[in-house]
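Reader: I've got a fold to look at and some questions about it. Can we go through them one by one?

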Amino acid sequence: MKTPFFWQQKNAMARILYPLGKLYALATRLNLKFHTPQKVTVPVICIGNLTAGGSGKTPTALSIAAMLQKIGYHPFFVSRGYGGKLKNVLVDINTHTPEQVGDEPLLLARQAPVIVNPDRFQGAQTAIFHGADIIIMDDGFQNPKLYKDLSFLVFDGMVGYGNGYCVPAGPLREDLSQGIRRAQAMIIIGEDKKNLKSQISLPTFMGKIAPQRPQISSKKVIAFAGIGRPEKFYQSLKELRFEIAETIDFPDHHFYTTQELENLIQKAQEKNCALITTTKDFVKIPQKLQANFHVLEITIEWQDKKALQEFITQKLLTRKD
């Protein structure tokens, strides 16, 4: 789904849904309380968050995996494979489809091996069998099955934690204070517009989205996305000085039909525009149609990459088995 507008405000709609949000928070608390996380033989890093919707977890996870690879680690991602049908598989980007393993695992697999399994502990065991010496969880902070040696909370600096209510009244997946107690550090993507550093007492690392300009001859584009906060994608295009003729939003994790893609191609031809989308959406476009679409690649630029790397390695060195 697309992030509801009222998640940023304590308005009438949010207050009506507030009791349901309290029940959601209670369910999360009980799920965590009555499960004992299981430890595996290698360190586990969780790139998590406290909010639903796009906060920048996946590009953060990709960046940290690349960081670890450069210093000699062999990280594996463990993902639940949202929307996919296969379980406990090593993702093969050449043969697996989004319908089989989900969209994010295909994106993650471009950087490091990915095991898809809703049971994160079993997934981690499978990753170790295949040679992982460190596990990275993209999401899963509220999952109680696998013990986490280091948990980062990722926030979008523009929106923070919204109105402070839990789903469906607000964006929080659990009570703010409860989540903070289980984390070891915070990552803020973008400018800290909500003053999170003054509210949350955790070691904090700052990063920003760095869009890589695609080679498109036309500056006029039709942009589409099926992500939690597509407006961030559109803003990146504006910063790159593209002229956006039209934006088209799809639900988060949307699987595109051939007809939908052909309709987009026809629309672009009629308006003499280029079609552009996100990396997460591009992996869901069949290879035979990909030539009709452009993709906006993004990376994370860290304010102090050395400090983040040292923080991670120090935590891994002091891990207790």
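Reader: Let's start with strand 11: how many of its residues are buried?

Author: Bear in mind that this is a predicted model. Strand 11 runs over residues 274-278 and is mostly covered. Counting its buried residues gives five of five.

Reader: Which strands pair with strand 11, and in what sense?

Author: One partner is strand 9, residues 220-225, joined to strand 11 over three bridges. Another is strand 12, residues 294-302, which also has three bridges to strand 11.

Reader: Which residue stands opposite I276, and which one opposite T278?

Author: I276 is in strand 11, and across from it is A223. For T278, look to strand 12, where the residue opposite is L296.

Reader: How are the rings of F224 and F293 arranged?

Author: There are 10 aromatic pairs by the ring-centre rule. In this one the centres are 5.7 Å apart, and planes over 60 degrees apart count as edge-to-face. Here the planes meet at 70°, so the pair is edge-to-face.

Reader: And how many residues apart in sequence are the parts that this pair ties together?

Author: F224 belongs to strand 9, while F293 sits in the loop between helix 10 (279-282) and strand 12. The pair therefore ties together parts of the chain that are separated in sequence by 69 residues.

Reader: Over at helix 11, what span does it reach, and which residues are buried?

Author: Helix 11 covers residues 305-317, so 13 residues at 1.5 Å a residue give an expected 18 Å. Its first and last C-alpha atoms are 18 Å apart, close to that expectation. The buried residues of helix 11 are L308, F311, I312, T313 and L316.

Reader: Zooming out, what radius of gyration does the chain have, and how does that fit a compact globule?

Author: The chain has 11 helices and 12 strands, and its C-alpha atoms fill a box of roughly 60 × 50 × 40 Å. With 321 residues, a compact globule would come out near 20 Å, so the chain agrees with its radius of gyration of 20 Å.

Reader: What share of the chain's residues is buried?

Author: The accessible surface comes to about 15200 Å², with 51% of it on carbon and sulfur atoms. Out of the 321 residues, the buried share is 55%.

Note on methods
Residues numbered from 1 in each chain as written. Predicted model: local features only at pLDDT ≥ 70, side-chain atom pairs only at ≥ 80, totals over all residues. Heavy atoms only, no water. Helix = DSSP H or I, 4+ residues; strand = E, 2+ residues; numbered from the N terminus. Buried < 20%, exposed > 50% of the residue type's maximum accessible area, 1.4 Å probe, protein only. Pairing = 2+ DSSP bridges. Rg over C-alpha atoms; globule rule 2.2 N^0.38 Å. Areas by Shrake-Rupley, 256 points an atom, 1.4 Å probe, with all protein chains shown as cover. Phe/Tyr/Trp six-rings, centres within 6.5 Å; stacked < 30°, edge-to-face > 60°.
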